[in-house]
Amino acid sequence: MQREILWTGIGGQGIQLATELLADAAVAEGRHAMFFGSYGGMMRGGNSDTTLVLGDEPVRSPPTIGSTWSALVLHPAHAAPTLAKLRPDGVLVINTTLCGDTGHPGSVVGVPATELATAAGSANAVTMVTLGAYASATRIAELDTLIARLPHVLPAYRHRHLATNEAALRAGYAAAGPLLDAWSKPPVPQEVAT
């Protein structure tokens with residue numbers, strides 16, 4: 001079984017880091033991972049996107065996908081290409097602080113990620129909030145594993161932000177509830193909003 005995850009937002013939101021954390025946590029839990037990150041010419045304000053494929057068996061091809069099981073949208077500026085790849089029965093996590101209704105017919109997890117990140121100590125932790133919400137809703141990885149792997153993924157010169165990132169993961173996890181189990185049954189469309 002494989003699960004595809006597309007993440008989109010703008011540079012400076014931490015999308016590359018959060019994708020690496022999810023990949024690392026999935027591997028720690030016995031899964032296989034392959035991901036690809038891209039970002040626009042600007043470090044902050046340009047597009048930032050990642051493609052992550054997780055599986056029970058080794059991922060055999062580069063993570064270039066035509067459709068996805070799930071998507072996380074942090075900012076509406078560059079969301080259209082990602083939303084176009086999201087399957088109708090797929091799982092969508094959106095930052096409701098910045099994004100409105102997408103019209104997605106599948107499962108939608110709305111979380112005020114920017115607000116929760118700010119309350120956790122840094123608006124820059126918005127991806128950690130959405131990752132926490134995604135983990136809570138899909139059981140794609142355990143919260144304890146994400147927290148345990150955070151020091152291994154966060155560069156040493158940024159370890160002073162460990163507590164803030166952990167708080168953001170926990171806030172996102174608490175903001176969403178169980179929706180489905182990514183590793184067992186297919187998703188059943190429903191709305192989860194906070």
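**Salt bridges, a ring and a pocket: a short tour**

By salt bridge I mean a side-chain nitrogen of Lys or Arg within 4 Å of a carboxyl oxygen of Asp or Glu. Side chains of opposite charge can pair when their charged atoms come close.

Before we go on, a word about the model. It is a predicted one, so local features need pLDDT of at least 70 and side-chain atom pairs count only at pLDDT 80 or more, while totals for chains, interfaces and linings use all residues. Residues are numbered from 1 along each chain as its sequence is written, and side-chain values use heavy atoms, with hydrogens and water left out.

Now the overall layout. The protein chain has six helices and seven strands. Along the sequence, the pattern reads β-α-β-β-β-α-β-β-α-α-α-α-β. Helices (H or I, at least four residues) and strands (E, at least two) are DSSP runs, numbered from the N terminus. Of the 194 residues in the protein chain, 48% are buried. Here buried means under 20% relative accessible area, exposed means over 50%, and partly exposed is in between, using a 1.4 Å probe and protein chains only.

Back to our opening pair. Aspartate 56 is partly exposed at 36% relative accessibility, and arginine 31 is partly exposed too, with a relative accessible area of 22%. Which ring does arginine 31 lie over? Arginine 31 lies over the face of tryptophan 183, at 3.9 Å from the ring centre. The rule for a charge over a ring is that NZ of Lys or CZ of Arg is within 6 Å of the ring centre and within 35 degrees of the ring normal.

How many salt bridges does the rule give? The count comes to four. Another one joins the side chains of aspartate 24 and arginine 149, at 2.4 Å from N to O. Aspartate 24 lies in helix α1 (residues 15–28) and arginine 149 in helix α5 (residues 143–153), so this pair ties together parts that are 125 residues apart in sequence. Aspartate 24 has a relative accessible area of 23%, which is partly exposed, and arginine 149 is partly exposed at 24%.

Compare that with glutamate 166 and arginine 170, whose side chains meet in a salt bridge at 3.0 Å, N to O. These two are four residues apart in helix α6 (residues 162–175), so about one helical turn separates them. Glutamate 166 is partly exposed at 27% relative accessibility, and arginine 170 is partly exposed at 40%.

Staying in helix α6, find alanine 167. Alanine 167 is partly exposed, at 29% relative accessibility.

Next, please turn to the second largest pocket, which holds about 220 Å³ of space. Of the 15 residues that line it, the closest to its centre are Leu6, Asp49, Thr50, Thr51 and Lys85. The elements giving two or more residues to this lining are β1 (2–10), β2 (32–39), β3 (47–55) and α2 (80–85). For a pocket, a 1 Å grid is laid over the protein atoms alone and a 1.4 Å probe is used; a pocket is an open set of points with protein on both sides within 12 Å along at least five of seven lines, and lining residues have an atom within 4 Å of a point. The volume is the space filled by probe spheres set on the points.

One last stop, for the backbone. Most residues other than glycine have a negative phi. Arginine 139 has a positive phi of about 60° although it is not a glycine. You will find arginine 139 in the loop between α4 (126–138) and α5, and it is partly exposed, with a relative accessible area of 26%.
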